[in-house]
Amino acid sequence: MSLAVSAIEYIDNVKNGNTTVEDFVAKTLEQISKHDTKLHAYLSINENALDQARQTDKKIKAGEKIGAFYGMPISVKDNICVKGGKTTCASKMLEGFVAPYDATVVSKLKNQDAILIGKTNLDEFAMGATTEYSAFGPSRNPWNTEYVPGGSSGGSAVSVSALECIASLGSDTGGSVRNPASFCSIVGLKPTYGLVSRYGLVSYANSIEQIGPFGRRVEDVALLLNHIAGKDQNDSTTIDNHSQDYLDKIDAGIQGKKIGVISEMSKGDGLDKNVENAFWRAASAFESLGASVDQVSLDLVQHTVATYYVLTTAEAGSNLSRYDNLRYGYSLDLEGYEFKSYISKARRNFGPEVIRRMILGGFVPSAGFAGKYLLKALKVKSKLKKEIVDAFKKFDFLISPTVPILPFKFGEKTEDPLAMYLADINTITANLTGIPAISVPFEIHDGLPIGIQIHANMLQEKLLLQAAYALQGTTKLPGVPL
Amino acid sequence: MIRLVTKEDIEHVARLMRIDIENVDEYFESIQKILNYFDNLDKVDLASEEIPIHEVTVSELRDDKYVPFESKLISQLKSYKEGFIRAPKMN
């Protein structure tokens, strides 16, 4: 069986006895050893994966009760805790840290007999959009290894795109699932804030971030969401979704639905012409599926990048204060330091982007600056939410290009952090307002992928996945050129 | 009133954040540029806006009771001995 199967096809094949879990996992590990030296999607590999595959085969053979994933190899971003394994957040600060417990999403996958094949690369502490800020070196885009894979969950996207697993979990604070999904031509979902538990996800900006699934097909993402969503007593922000089945009726279509094109995200100087043209072909595809398409203006989108970076740096400054090298951290002798200088010295192990954001995060809520930055950003967030609520009174979905530009080459934006931040302009609205959004691969231009973003109203993932599935049906994309 | 951020401001904040930066010049330009960009927020009319609050009803929270952590969480602690962590001396 080809490694390029969808999650649903994989499960059918295992059920029908066309493949064993061991065979598929062994092939996946071969694929990793063949390509990952170059692609660097993984930071660590589960050494027990083959054993776990054999165990799962045994259970299947014996007719025992088996979980929904049937031993499917799934990768997990390395800022999500898997008990007994390394969780580095791609930071030297956490090099060698072994997670003492499973994140809720990880327990849920394990309970359904998924095999967690490895931990994937990211920008250090999920701060970035390319994986270039990983302390262990960047991941490469399998569509063209001279180009960035997007980020921060770049390793997850590469692992799925390059057939080094079937699906993956990432985290999305400002587009960190959708951006690399778009750059690597796969599907990535940022669920409604609170739909998926964050327990066991290393916090960066916890008031807006969410764990989200990646897959090569929309239905795979729906399947993953079925098993990771729901109330968790260890995360007070979680919402009871009454075990909604997102796969059921995923092919319902979007006949008669109203779609709004977000003007501020789909024109202007910052938008690449090729992305713009592909986007309008996607809008026409929606019309051909029986939906109506109109323009909608969200005036505050122009201020979302500033709002987002004020809020996230403030939260990062607070969340990262736990890295004092006493509770976690690397080997640094205590002798010769007093308390404060020890912590300061230890933090030299943070990379430059983390330091930049911590300093910004010290500024924006500080006396004399809070009124100008933090409090204002919180109010913009409130006002933006009202704009979104109003827009969903008129529309079922809001669409835009996922990223306004094509994947770019390594080093193009690392010299100018602000230019890097502006690549987030289309994705951060969903985070600031809590609504779900998905990126669907739509075209390949000169060998570089272009994704389309669809937003739906709070907790409308079922409708959102139906729209994404319908759009996917209009595309015919080439396989990854490995 | 616009107050430009100085190198001293950045050094001061870094000190408060307990971050040892060897060369403030490495960050000065980018931080000043980003803070200037944040000034865009001054253009938004926010007169009638409130700061959002996330409320959770107490009854929705889990029971406030002691649950022992069975995993070896403390094995991650450095310089741990007989219930204490050794830290650098406080001045």
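Okay, let's start where the two chains meet: there are eight salt bridges between chain B and chain A. Keep in mind that this is a predicted model.

Lys33(B) pairs with Asp416(A) in a salt bridge, and their closest N and O atoms are 3.1 Å apart.

Helix 2 of chain B gives the most, with nine residues. If you sort that side of chain B by class, you get 26 nonpolar, seven polar and 17 charged residues.

How big is this interface, then? For chain B and chain A, about 5,400 Å² is buried between them, and 67% of that is on carbon and sulfur atoms. Three residues to look for are Arg18(B), Leu41(B) and Lys78(B): they supply 13% of the area that chain B buries against chain A, more than any other three residues. In terms of residues, 50 from chain B are in contact with 66 from chain A.

Now let's zoom out for a second. Over all chains, a search of the whole structure turns up 24 salt bridges. One inside chain A joins the side chains of Asp51(A) and Arg54(A), at 2.9 Å from N to O. Both of these residues sit in helix 3 (residues 49-61) of chain A, three residues apart, so that's about one turn of the helix.

Staying in chain A, have a look at how two helices pack. Helix 1 (residues 7-15) and helix 7 (residues 218-228) of chain A cross at an angle of about 75 degrees, with their axes 7 Å apart. That makes helix 1 of chain A roughly perpendicular to helix 7 of chain A. Where they meet, helix 1 brings Ala7(A), Ile8(A) and Ile11(A), while helix 7 brings Glu219(A), Asp220(A) and Leu223(A). By class, this contact has four nonpolar, no polar and two charged residues.

Most residues other than glycine have a negative phi, and most peptide bonds are trans. But the peptide bond from Gly151(A) to Ser152(A) is cis, with omega near 10 degrees. You'll find Ser152(A) in the loop between strand 3 (115-120) and helix 5 (154-161) of chain A. And Ser185(A), although not a glycine, has a positive phi of about 60 degrees. Ser185(A) is in the loop between helix 6 (178-183) and strand 5 (187-190) of chain A. That's me done, thanks!

Technical notes. Residues are numbered from 1 along each chain as its sequence is written. Chains are lettered from A and ligands numbered from 1 in the order in which they are written. This is a predicted model: local features need pLDDT of at least 70, side-chain atom pairs count only at pLDDT 80 or more; totals for chains, interfaces and linings use all residues. Side-chain values use heavy atoms; hydrogens and water are left out. Axes are lines fitted to C-alpha atoms, for helices over the stretch in contact, and angles run from 0 to 180 degrees between N-to-C directions. Helices (H or I, at least four residues) and strands (E, at least two) are DSSP runs, numbered from the N terminus. Angles under 35 degrees count as roughly parallel, over 145 as roughly antiparallel, 65 to 115 as roughly perpendicular and the rest as oblique. Contact means heavy atoms within 4.5 Å. Ala, Val, Leu, Ile, Met, Phe, Trp, Tyr, Cys and Pro count as nonpolar, Asp, Glu, Lys and Arg as charged, and the others, Gly among them, as polar. Buried area is the accessible area (1.4 Å probe) that two parts lose on being put together, summed over both. A salt bridge is a side-chain nitrogen of Lys or Arg within 4 Å of a carboxyl oxygen of Asp or Glu.
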